[in-house]
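This briefing concerns strand pairing and charged side-chain contacts. Please keep the sequence and the structure in view while reading.

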Amino acid sequence: MNKGCVDKFPLLLDGRPAGELTVEREALYTWFDARCRLPGEGLWCAWAVGREGSLRLGVLEPSGQEAVIRRRFSMRMTEPLGQLVRGEVRPAAAEDRESWQAAPAPETLFRASWLRKRLRGIAGALVRTEEGRLLLALPYDSGRAFPLPTLFCLADIRSINGRTYAVFAFDSEGHPVFP
């Protein structure tokens with residue numbers, strides 16, 4: 001990826017071209033813009049795939065006949081990819097079955113007292129690690145109070161094993177980061 005310019009990569013679904021991933025470097029950040037035809041029913045995620053790793057960009061949103069997402073990530077998040085080679089569209093359900101574990105006492109995972117207090121008593125939490133981050137999934141129901149309202153803007157709402165969760169990401173020191 002050349003600094004200061006826009007690069008375009010194929011966005012593949014099951015190894016076949018489905019759309020385009022546009023990547024633009026802006027100072028210490030990289031913008032990813034994925035567009036493709038609607039892949040079908042269910043939730044679909046866009047991924048940036050490099051020679052050394054991959055980065056989940058997030059859930060594609062329907063927009064007319066297309067599915068789109070535009071996200072910005074810091075250099076710290078994009079450097080581990082190595083040279084970018086393509087984008088991919090993957091079903092969200094497939095990734096969500098991987099390596100989630102029950103967290104019966106999620107408050108014990110953190111040092112921050114405000115977070116420990118807020119998590120105390122939450123049932124049905126799930127946890128996993130991904131790319132050096134701790135992901136915490138809390139059951140989500142749009143008709144009830146939002147879990148961790150302080151971190152609302154950092155939540156990724158997704159389906160895990162057929163249930164809806166608000167997923168939060170934390171760095172190695174327990175600080176909240178974008179999922």
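**Strand pairing and salt bridges**

In the hairpin formed by β10 and β11, 2 residues lie between the strands, and E131 adopts a positive phi near 50°. The model is predicted.

**Strand β10 and its partners**

- Strand β10 spans residues 126–130 and is mostly covered, with 4 of its 5 residues buried.
- On one pairing, β10 runs antiparallel to strand β11 (residues 133–139), and 5 bridges join the two.
- Within this pairing, R128 stands opposite L135 in β11.
- β10 is also joined to strand β9 (residues 101–102) by 2 bridges, again in an antiparallel arrangement.
- Here Q101 is found opposite V127 of β10.

- Strand β2 (residues 16–26) and strand β3 (residues 29–37) are paired in the antiparallel sense over 8 bridges.
- V23 has F32 in β3 as its bridge partner.
- The hairpin of β2 and β3 has 2 residues between the strands, and A27 in the turn shows a positive phi of about 55°.

- Side chains of opposite charge can pair when their charged atoms come close.
- K8 and E20 form a salt bridge in which the closest N and O atoms are 3.8 Å apart. This pair links distant parts of the chain, since K8 belongs to strand β1 (residues 6–13) and E20 to strand β2, 12 residues apart.
- K8 counts as exposed because its relative accessibility of 54% is over the 50% cut-off. E20, with a relative accessible area of 36%, lies between the 20% and 50% limits and is therefore partly exposed.
- D156 and R56 form a salt bridge with their closest N and O atoms 2.6 Å apart. The pair connects distant parts of the chain: D156 is in strand β12 (residues 156–160) and R56 in strand β5 (residues 54–59), 100 residues apart.
- Both D156 and R56 are buried.
- E88 and R86 form a salt bridge, the closest N and O atoms being 2.8 Å apart.
- E88 has a relative accessibility of 16%, which is under 20%, so E88 counts as buried. R86 is partly exposed, with a relative accessible area of 28%.
- A network of salt bridges links R86, E88 and R90.

Conventions. Residues are numbered from 1 along each chain as its sequence is written. This is a predicted model: local features need pLDDT of at least 70, side-chain atom pairs count only at pLDDT 80 or more; totals for chains, interfaces and linings use all residues. Side-chain values use heavy atoms; hydrogens and water are left out. Buried means under 20% relative accessible area, exposed over 50%, partly exposed in between (1.4 Å probe, protein chains only). Two strands pair if DSSP finds at least two bridges between them. A salt bridge is a side-chain nitrogen of Lys or Arg within 4 Å of a carboxyl oxygen of Asp or Glu.
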